[in-house]
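Dear colleague,

Please find below the structure that I am handing over to you.

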Amino acid sequence: MLRRQAERESAARTYARSFPVVPVRARGMTIEGADGRRYLDCLSGAGTLALGHNHPVVLEAIRAALDAEAPLHVLDLATPIKDDFVQELYEALPPEFAADARIQFCGPAGTDAVEAALKLARTATGRHGVLAFGGAYHGMTAGALAVSGDLNHRHHLGAAAGVGATHLPYPHPYRCPFGIGADGWRTAAHYTAALLEDPKSGLQPPAGMILEAVQGEGGVVPAPDAWLRRMREITTAHGIPLIVDEIQTGLGRTGALWAVQHSGVTPDVMVLSKAIGGSLPLAVVVYRSALDTWSPGSHAGTFRGNQLAMAAGAATLRHVRAAHLAERAAEVGARMTAALRGLAAHHPCVGEVRGRGLMIGLEIVRPDAEPDHLGARPPAPHTAAAIRGEALARGLILEIGGRHDSVVRLLPPLTITDEQAEAVLQRLADAVAAATLDGGHLRGDEHRAAPDLAGRERRPHPTAGTR
């Protein structure tokens, strides 16, 4: 199967290159491959599987829809399943936002919802340009690429791929764009305000500002809450709709139902996908009613009425709230982050551990290189890739991302147990130790065995935990 895939599928395939695994069964956090090996999944469909694989409440909802012979394709018609999903979603949204909100169902992917949000802002304001941020990732279609920060995704498309977007500095204490560290968010906010207030800045009044409260693909970089509040003040003062992309951060992942809630900010537009479909394709834009200036047919999508996804999504929304999984993500995420910072103290290749809730990143650096004036060392993408490979050999699926692909990312399901969390941490500790071996010794920690997360000396075993 892997050979046939390589022969027949596009060169654009990504995860299949990193993980030579053929999944045949999955339940919760565990995937079983065709070769009988079992893996703990810390990728979770890039954050889609809030409840893990094949959660009983999701399967029950899908079976109930099928058993009821519900129509599976209805375009944008009202159905009981759709009504139930919308009700559950509105009850989960921040109350002050939901009280005056409209919803637009889009195509099946998050990038479709981003396109809809940009189109909505331009239609409502009569303006064209959009403010976006360095490090952002919003999708792979043309408009979403324009507001994304990674040039690698759009350099083949030419200058047109970035038309209409002005990219601003995003606060990043470890790799501060202003070179001043943790306080850089103040300068970033001041720069944004000055750009909009200066009549000679060259910036046309924008149709909107789009941002992520935690940049995921950008390297798991949480925005300071104070900076988010300042962005809300600036956009309000200038009549600019604030669009918050909650595609990966939404539905409990960061320790709140929506990442923007940590700051207390109420946006004008929220872009939602991934987890809200309960593992099936679903994407929506929710926005203030004042922006609802579309005429009938101004925006559409053939598969915007995905009934099975709405059934699975409503069940997921109910369960996340009833089981207090956002609070659980905050608790387990804090424990895992603290343990990983303990790991970093023994491995200088881990430059920083950061994140929010169960959205965690380890920035991998070159420990033998000179740090900059803020203490950050150059990125080490080959080491990050080696850690990913060593983790897979130990039965742990995780991905890398961020600047130069040097950030090891953890996105476990919100249903992760304490035992699974410990297993993830130990396998990752072993993977870091194995990936940084140099001539039989650990770089920066020669002649010592890799400590486990309780500080005990232990030697990594190349096949530990794979079955």
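Axes here are lines fitted to C-alpha atoms, for helices over the stretch in contact, and angles run from 0 to 180 degrees between N-to-C directions. Please note that the model is a predicted one.

The axes of helix 12 and helix 14 (residues 418-435) come within 11 Å of each other and cross at roughly 25 degrees. Angles under 35 degrees count as roughly parallel, and helix 12 is therefore roughly parallel to helix 14. Their crossing is right-handed. On the side of helix 12, the contact involves residues including Arg328, Val332 and Leu343, and on the side of helix 14, residues including Asp418, Leu425 and Val432.

Apart from neighbours within four places in sequence, Thr337 is in contact with Val353 and Ile360.

Turning to the aromatic residues, the structure holds five aromatic pairs. One of them, Phe133 with Tyr170, is edge-to-face, at 6.2 Å centre to centre and with 75 degrees between the planes. This pair links distant parts of the chain, 37 residues apart: Phe133 lies in strand 5 (residues 130-133), and Tyr170 in the loop between strand 6 (165-168) and helix 9 (184-197). Phe133 is buried at 1% relative accessible area, and Tyr170 is buried at 3%. Ring pairs join Phe133, Tyr170 and Trp227 into a cluster.

With kind regards

Key: Residues numbered from 1 in each chain as written. Predicted model: local features only at pLDDT ≥ 70, side-chain atom pairs only at ≥ 80, totals over all residues. Heavy atoms only, no water. Contact = heavy atoms within 4.5 Å. Helix = DSSP H or I, 4+ residues; strand = E, 2+ residues; numbered from the N terminus. Parallel < 35°, antiparallel > 145°, perpendicular 65-115°, else oblique. Left-handed = near helix turned anticlockwise from the far one by under 90°. Phe/Tyr/Trp six-rings, centres within 6.5 Å; stacked < 30°, edge-to-face > 60°. Buried < 20%, exposed > 50% of the residue type's maximum accessible area, 1.4 Å probe, protein only.
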